[in-house]
Amino acid sequence: MTSPFNADLHSHSTVSDGTLTPEELAARAKTNGVALWALTDHDEIGGQARAAAAARALGMDYLTGVEISVSFLHQTVHIVGLGFDADNAALVSGLRQTRGGREQRAREMADSLAKVGIQGAFEGALKYAGNHDLISRTHFARFLVETGVCRDTHEVFRKYLTEGKPGFVEHRWAKLKDAVAWITQAGGLAVIAHPARYKFSANEEFALFTEFKGHGGRAVEVVTGSHTPAEYISYADTAREFGLAASRGSDFHSPDESHTEIGTLPPLPAGLTPVWELLADRIQVTARLSLGAAALATH
Ligand code: AMP
Ligand code: MN
Ligand code: MN
Ligand code: MN
């Protein structure tokens, strides 16, 4: 059955490379009719308590979330974790380790940009990074737009910061096996983020899904802001083929930059297991003022 349920399980705040605070994002999700939300900042769960509290205050259900950067077959793959215990020591330390190399990488990116005449990019990007540990390509992109080098962040990624272009620095992120283990051992569920974005051959993609599943990964993003409608269909097939549940998330970063508004994606295609069904006991359900709750309160 097609689920009309409005779950948005992929979004970013100022804790990583989004432009809205966790509270502003929660309010925007609520306005757009989101019933179940997850904040999934890159490699960082420092915003989880704020996001959960904001969701609770707005009467919106919440799942803890993170998006972990992984290196797999010389590409960066993102693994979303949902419904984990945010105090889990192994997860916290694994994420700290994953964030560790970002400053050095950012300095090398700035050196590479300086060679094509773009000066001061490290300091420029850092100004946009609310969380200095999480300086990312997105912050460089904002600096290049601010200084008039490019019209928008999408043009930046086309001309700079991607493989083969000035400003790109290869980086070693977490291992797929470790990222899945951190999430799973913290009681959460691992999801392959936006699979259509990777430039894998069919064999490499098969290896990603096979290894992910072998390590205990359980789901794949089918409906995401990064996929076309045709890709919803093809990754629905992949989910069925690999016995994975399906997730849905906008990957919203910013009102000015994101094509896909939080909470506005179409529902999952029919015949899939929604990931939130596997996470029913991990959802932080907000107290709703109902007859049942009122009756309970009088006892
Ligand atoms: P990083 O983790 O520093 O490598 O930065 C990755 C982030 O850059 C992603 O999470 C996106 O927010 C952003 N990004 C990557 N590719 C693009 C693109 N083609 N257009 C816009 N944003 C992108
Ligand atoms: Mn991002
Ligand atoms: Mn991603
Ligand atoms: Mn993302």
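Modeller: An open sheet is formed by six strands in the order S6-S4-S5-S7-S8-S9, with mixed pairing. Strand S6 (174-175) and strand S9 (245-249) are at the edges with a single partner strand each, so one side of each has no neighbour in the sheet. Strands are DSSP runs (E, at least two residues) and helices likewise (H or I, at least four), numbered from the N terminus; two strands pair if DSSP finds at least two bridges between them. S4 (residues 65-72) and S6 run parallel and are joined by two bridges; Val 70 has Ala 174 in S6 as its bridge partner.

This is a predicted model, in which local features need pLDDT of at least 70 and side-chain atom pairs pLDDT 80 or more, while totals for chains, interfaces and linings use all residues. Side-chain values use heavy atoms, without hydrogens or water.

I turn now to the ligand. The residues around ligand 1 (a heavy atom within 4 Å) include Asp 17, His 42, Arg 102, Arg 105 and His 253. By class, this shell has one nonpolar, five polar and four charged residues. Helix H4 (102-115), helix H6 (137-146) and helix H7 (153-159) each contribute at least two residues to the shell. Among the polar contacts (N or O atoms within 3.5 Å), oxygen atoms of ligand 1 lie 3.1 Å from a polar side-chain atom of Asp 17, 2.8 Å from a side-chain N or O atom of His 42 and 2.7 Å from one of Arg 105. Ligand 1 alone exposes 500 Å², of which the protein buries 80% (Shrake-Rupley method, 1.4 Å probe).

Technical notes:
Residues are numbered from 1 along each chain as its sequence is written. Chains are lettered from A and ligands numbered from 1 in the order in which they are written. A polar contact is a pair of N or O atoms within 3.5 Å; within protein, one must be able to donate a hydrogen and the other to accept it, and residues adjacent in sequence count only if both atoms are side-chain atoms. Ala, Val, Leu, Ile, Met, Phe, Trp, Tyr, Cys and Pro count as nonpolar, Asp, Glu, Lys and Arg as charged, and the others, Gly among them, as polar.
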